[in-house]
Amino acid sequence: MVANSGNRPSETATIFIILDGFRHDYLERADYLRSIAHWQGRVRETFGFISTRPAMCAGVYPEQTNLCFEYKFMPEGVTFRPPLFRLLALANRLIPNRYLRLPATAWLRTTSRAVVPRRTVLVGNMPFHHFPLFEYAEHNLQTEPGYLSVPTIYDILREHQQSYAYYGYARPKRGVEVFKRIYSLLFRNDMHEADRTMTEQFKTALSHHRPNFIHLHYSACDWVGHQFGPDSPQIDDAIRLVDSLVKEVHELALRYYRQVRLLVTGDHGMVEVKSNHDLDNQVLKSIPFSEPDDYVCFRDSTMARFWFFKPGAEEAIRACLGEVPWGQIINEDLMARHHIRFADNSNGDLIFLLDPGAVLMPNYYQGGGVLPKGMHGYDPDIVDNQGAIAIHDGDRSFAISEGSTLDLVDVFPTLLDLHGLPLRQGLCGRSVLGQ
Ligand SMILES: [Zn+2]
């Protein structure tokens, strides 16, 4: 648990629960959540992958923070030092890279100074000699002061001397929990264990502290949706699990607090994967330019991002991508629509977005012939890419009609409103409660 120092007993609590990958229609199968929801609707994710955190915790779009993708182009970065990756590239001549990734990940997690890489970095499928060109976009936790240049919900809670408990992305895991997690994933393929363990920790912590604001993040639907598909029988179990955990958390909180308000949201949905495409063999093989001297490409699962160095490389790649029937180049109109008119090119000189249901394979996260069955990170307007959102607050009326589709940036003002904190002028989003 991450908590600030002001642990004054509280009479009321706001509980913010993110259900990762909880698609818009999963709410119909979440009996408890549906039964307590006073308002429900859909939520459209922000463009990219990590942009969901700034959107929810500060109500900002990617172009306001530059936080959009896990990796940004930054050869002067500190996380992926060239000597280590030169050594790995050398070793890779003799040893397949699948045997090198685990020790390299362990090394980076041990030596990284910044908290987010230290807890989350994974040496995936990117060629070793490409790593030093990139940097982890997030170094700080969203709860830490200075995470963004605009105030986050945690900054505002601190300002109002309110206490919080955080069980979210990159939360600390220690000792037994780390081994339990590795064991359950590697040997039992148990994608429910992490969420159950976190709930037990929350229950123990609540018997000692009464934070004003509680943030929990459950991952089972995302993991299961990727591995088995968004409409698989396994997803029904994951929906039942997270619904039962919401119930446990809510009922326990009602024993400790006079009043409990809940905002439960999917950060995105999950689209069924129908096709996979090899960018190198199908598109880039024919161009007379090579990486990393002429251009560099980061292969995200649903996007390819390019940086160009040699004259002519951009034109050649644009021409090839223009012919591809399973995706599109993000042009200026789309950049404006998705709020990704970035101040610099660290997220890419060009972004190619795949059509819903298509994935790049291999990409820098997945390879080795293991195809995901579900994916997100498509055009945010694609319905299956949208999450469900539900609010429990019987005392308040709602300014936005039930069933509406919100933007993820609306979560922040709604949370402030739900918690009784003032909204500053000029926010991008709007509160469902209408303060
Ligand atoms: Zn995911």
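Here are some notes on the predicted model above, going from the whole chain down to single residues.

1. Ground rules. This is a predicted model, where local features need pLDDT of at least 70, side-chain atom pairs count only at pLDDT 80 or more, and totals for chains, interfaces and linings use all residues. Residues are numbered from 1 along each chain as its sequence is written.

2. Overall size. A compact globule of 435 residues would have a radius of gyration near 22 Å, and the protein chain agrees because it has 22 Å. That radius is taken over C-alpha atoms, and the globule rule is 2.2 Å times the number of residues to the power 0.38. Along the principal axes, the C-alpha atoms fill a box of roughly 65 × 45 × 45 Å.

3. Parts list. You'll find 15 helices and 18 strands in the protein chain; helices (H or I, at least four residues) and strands (E, at least two) are DSSP runs, numbered from the N terminus. The chain is divided into domain 1 (2-66 + 146-272 + 380-419), domain 2 (71-136) and domain 3 (274-371), with bounds from an automatic or database domain assignment. The C-alpha centres of domain 1 and domain 2 are 30 Å apart.

4. Of the 435 residues, 47% count as buried. Buried means 20 or more other C-beta atoms within 10 Å of the residue's own, exposed means 12 or fewer, and partly exposed is in between, with C-beta atoms placed from the backbone. Two residues are in contact if those C-beta atoms lie within 7 Å. Among contacts between residues at least 6 apart in sequence, 76% join residues at least 24 apart.

5. The cores. A nonpolar core here is a set of buried Ala, Val, Leu, Ile, Met, Phe, Trp, Tyr and Cys residues joined through C-beta atoms within 7 Å. The largest has 67 residues, and I15, I17, C221, V242 and F412 have the most contacts inside it. Helix α11 gives the most to this core, with eight residues. A second, separate core of 56 residues includes F80, F128, L141 and I317. Back to I15: leaving out residues up to four places away in sequence, I15 touches I214, V249, A253, V260 and L262.

6. Helix α10. Seven of the nine residues of α10 (residues 220-228) are buried, so the helix is largely enclosed by the rest of the structure. The buried ones are A220, C221, D222, W223, V224, G225 and H226. They pack against β2 (12-19), α9 (193-206), β7 (213-218), α11 (233-256) and β16 (374-375). After α10 comes G229, with a positive phi near 110°.

7. Strand β6. In β6 (residues 164-167), Y164 and Y166 point one way, A165 and Y167 point the other way, and all are buried. In general, side chains of a regular strand alternate between the two faces of the sheet. Strands β6 and β7 run parallel and are joined by four bridges; strands count as paired if DSSP finds at least two bridges between them. Opposite A165 stands I214 in β7.

8. An open sheet. Four strands make an open sheet in the order β11-β12-β14-β13, with antiparallel pairing. Its edge strands, β11 (295-299) and β13 (327-329), each pair on one side only. Three bridges join β13 to β14 (residues 350-354), and Q328 has L353 in β14 as its bridge partner.

9. G434 sits in the segment after α15 (411-418). Because G434 has 13 C-beta neighbours inside 10 Å, it counts as partly exposed. G434 and P413 are 21 residues apart in sequence and 9.0 Å apart in space, C-alpha to C-alpha.
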